[in-house]
Amino acid sequence: MGFRIVGVLGSPLAGGNTAKLLERALAGARDAGCEVERIDVYDLTFRPCREIFYCREHETCAMKDDMIPVYREFAELDSLIVATPVMTMGIPGALKSFMDRFQVFFMAKYMRKKPLVPEEKRAHRRGLYIGISGMAVPYVFDGAKLTMKAFFSIIDVEYWDELLTNDMDTIRDISTRPDILDAAYRKGFRLGELLHQEGP
Ligand SMILES: Cc1cc2nc3c(=O)[nH]c(=O)nc-3n(C[C@H](O)[C@H](O)[C@H](O)COP(=O)(O)O)c2cc1C
């Protein structure tokens, strides 16, 4: 059977350093035999969660915007890659708003005890976090990692692995670091390979 890996880009730059790493990881997943799809959060039109709580009783959101089809894609994906720069010691606001809108999954899983992710998928959904930052301080990914882990847990994705590159203010162009691009490719490949080895 075919497995689908979704890559989410949290950077506003469709061809920036984060996007280059995501593309390498998705190329690896594709070469491992998976279907891949990239979602650029900055291309979506949606508003942040308004705490309407329509999702307490419904399997979707009251705000009918670009998030609605995304919910189905996230219920059905087999593994996930989120690639994002650090902004203001966390993740970019647009990506955070995107994640907050998964309250729909939170309510289904924790309140109604009826997760939107099918049982057979829950066992094998893994997540890879690709992070980059300008600064080289040791705690620079702490905030982003907390958010990423919470998000993965809400959508039934295991926090499987990470590729964190700091000091982009010095590196500037990730193309000068084939070692990091190769690491992204290898992690994407492994993510896909694992699905074929251990999937349903
Ligand atoms: C609005 C904004 C806020 C940022 N805040 C931080 C920060 O708090 N810490 C940090 O290390 N880098 C910060 N950066 C730097 C980015 O993480 C870094 O430049 C990264 O390489 C950008 O990736 P991109 O070009 O793929 O979007 C910030 C950049 C922007 C644009």
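Biologist: What covers the buried residues of helix H3?

Modeller: In this predicted model, the cover over the buried residues of H3 includes strand S3 and helix H6, residues 142–154.

Biologist: Which residues of H3 are the buried ones?

Modeller: Helix H3 spans residues 93–100, and its buried residues are Leu95, Phe98 and Met99. They lie on the same side of H3, because the arc they cover around the axis is only 95°.

Biologist: Why would residues a few places apart in a helix point the same way?

Modeller: An α-helix has 3.6 residues a turn, so residues three or four places apart point the same way.

Biologist: Now to S3. How many of its residues are buried?

Modeller: Strand S3 covers residues 79–85, and seven of the seven are buried, so S3 is largely enclosed by the rest of the structure.

Biologist: Which residues of S3 point one way, and which the other way?

Modeller: Ser79, Ile81, Ala83 and Pro85 point one way from S3, while Leu80, Val82 and Thr84 point the other way. Residues on both sides are buried. In general, the side chains of a regular strand alternate between the two faces of the sheet.

Biologist: What are the strands joined to S3, and how many bridges are there?

Modeller: Strand S1, residues 4–9, is joined to S3 by five bridges, and the two run parallel. Within this pairing, isoleucine 5 stands opposite serine 79 of S3. Strand S4, residues 126–132, is joined to S3 by seven bridges, and this pair also runs parallel.

Biologist: Which residues of S4 are the bridge partners of valine 82 and alanine 83?

Modeller: Valine 82 has tyrosine 129 of S4 as its bridge partner, and alanine 83 has isoleucine 130.

Biologist: What is the order of the strands in the sheet?

Modeller: The sheet is open, with five strands in the order S2-S1-S3-S4-S5 and parallel pairing. S2 and S5, residues 158–165, stand at the edges with a single partner strand each, so one side of each has no neighbour in the sheet. On average, neighbouring strands of this sheet are turned by 15° against each other, direction ignored.

Biologist: Where does H6 pack?

Modeller: H6 packs on the sheet, where it touches S3, S4 and S5. The direction of H6 makes about 155° with that of S5.

Biologist: What span should H1 have, and how far apart are its ends?

Modeller: H1 comprises residues 17–31 and, at 1.5 Å a residue, should span 21 Å; its end C-alpha atoms are 21 Å apart, which agrees. H1 is followed by glycine 33, whose phi is positive, near 95°.

Biologist: How many helices and strands does the whole protein chain have?

Modeller: The protein chain has eight helices and five strands. Its radius of gyration is 16 Å, close to the 16 Å that the globule rule gives for 200 residues, so the chain is as compact as a globular protein of that length.

Biologist: What share of the residues in the protein chain is buried?

Modeller: Buried residues make up 41% of the 200 residues.

Key
Residues numbered from 1 in each chain as written. Predicted model: local features only at pLDDT ≥ 70, side-chain atom pairs only at ≥ 80, totals over all residues. Buried ≥ 20, exposed ≤ 12 C-beta atoms within 10 Å, placed from the backbone. Helix = DSSP H or I, 4+ residues; strand = E, 2+ residues; numbered from the N terminus. Pairing = 2+ DSSP bridges. Arc of directions from axis to C-beta. Contact = placed C-beta atoms within 7 Å. Expected span 1.5 Å × (residues − 1). Rg over C-alpha atoms; globule rule 2.2 N^0.38 Å. Axes fitted to C-alpha atoms, helices over the stretch in contact; angles between N-to-C directions.
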